[in-house]
Amino acid sequence: MKKVLLNLVLGASLGFASTIMAADGKALYTQKLCQTCHGSEGSNPIAPMYPKLNGQNSTYLLNQIKDIKSGKRNNGLSMIMKPMVAALSEADMEAIADYLSKVK
């Protein structure tokens with residue numbers, strides 16, 4: 001019985017943690033002004049050359065953010081993004097990528 005209760009509590013906690021992470025990603029997306037160029041929930045960029053971010057693979061999004069931040073990616077409009085991602089922590093980047101990957 002104790003094992004069943006422990007599994008229920010842990011399962012609920014893990015589910016709650018992933019919900020918090022998604023909520024944090026959404027809040028960070030807004031707080032960091034990502035919607036200014038990429039639109040609400042990453043689905044409606046203000047210019048055709050800006051990418052739609054919603055529904056993309058989270059690993060892909062995270063790698064793009066990291067590459068822009070490090071300077072590894074410096075083509076296209078990356079230079080515009082560089083100051084936007086400069087202050088993002090690893091956790092911030094992961095949360096934003098996770099959030100955007102789940103938006104349809």
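Modeller: Start with M49, which sits in the loop between α2 (35–38) and α3. Keep in mind that this is a predicted model.

Colleague: How do you know whether M49 is buried or exposed?

Modeller: Its relative accessible area is 58%. Exposed means over 50%, so M49 counts as exposed.

Colleague: And what makes the nonpolar surface patch there?

Modeller: M49, L77 and I80 make it, at about 290 Å². Patch members need over 30% relative accessible area, so M49 with its 58% clears that cut-off.

Colleague: Now the inside. Which residues have the most contacts within the largest nonpolar core?

Modeller: L88, I96 and L100, in a core of 16 residues. Two or more residues come from each of α1 (2–31), α3 (58–70) and α5 (90–102), and α5 gives the most, with six.

Colleague: What does L100 touch, leaving out residues up to four places away in sequence?

Modeller: Y29, E41, G42, L53, N54, G55, Q56 and L61.

Colleague: Why is the Y29 and Y99 pair called tilted?

Modeller: The centres are 5.9 Å apart, and pairing needs them within 6.5 Å, so they pair. The planes are at 55°; stacked is under 30 degrees and edge-to-face over 60, so this one falls under tilted.

Conventions
Residues are numbered from 1 along each chain as its sequence is written. This is a predicted model: local features need pLDDT of at least 70, side-chain atom pairs count only at pLDDT 80 or more; totals for chains, interfaces and linings use all residues. Side-chain values use heavy atoms; hydrogens and water are left out. A nonpolar core is a set of buried Ala, Val, Leu, Ile, Met, Phe, Trp, Tyr and Cys residues joined through side-chain atoms within 4.5 Å. Buried means under 20% relative accessible area, exposed over 50%, partly exposed in between (1.4 Å probe, protein chains only). Helices (H or I, at least four residues) and strands (E, at least two) are DSSP runs, numbered from the N terminus. Contact means heavy atoms within 4.5 Å. Rings of Phe, Tyr and Trp (its six-membered ring) pair if their centres lie within 6.5 Å; planes under 30 degrees apart count as stacked, over 60 as edge-to-face and the rest as tilted. Patches are made of residues with over 30% relative accessible area and no salt bridge: like charges are joined within 9 Å, nonpolar side chains (Val, Leu, Ile, Met, Phe, Trp, Tyr) within 5 Å. Accessible areas come from the Shrake-Rupley method with a 1.4 Å probe; for residues, only the protein chains shown count as cover. A salt bridge is a side-chain nitrogen of Lys or Arg within 4 Å of a carboxyl oxygen of Asp or Glu.
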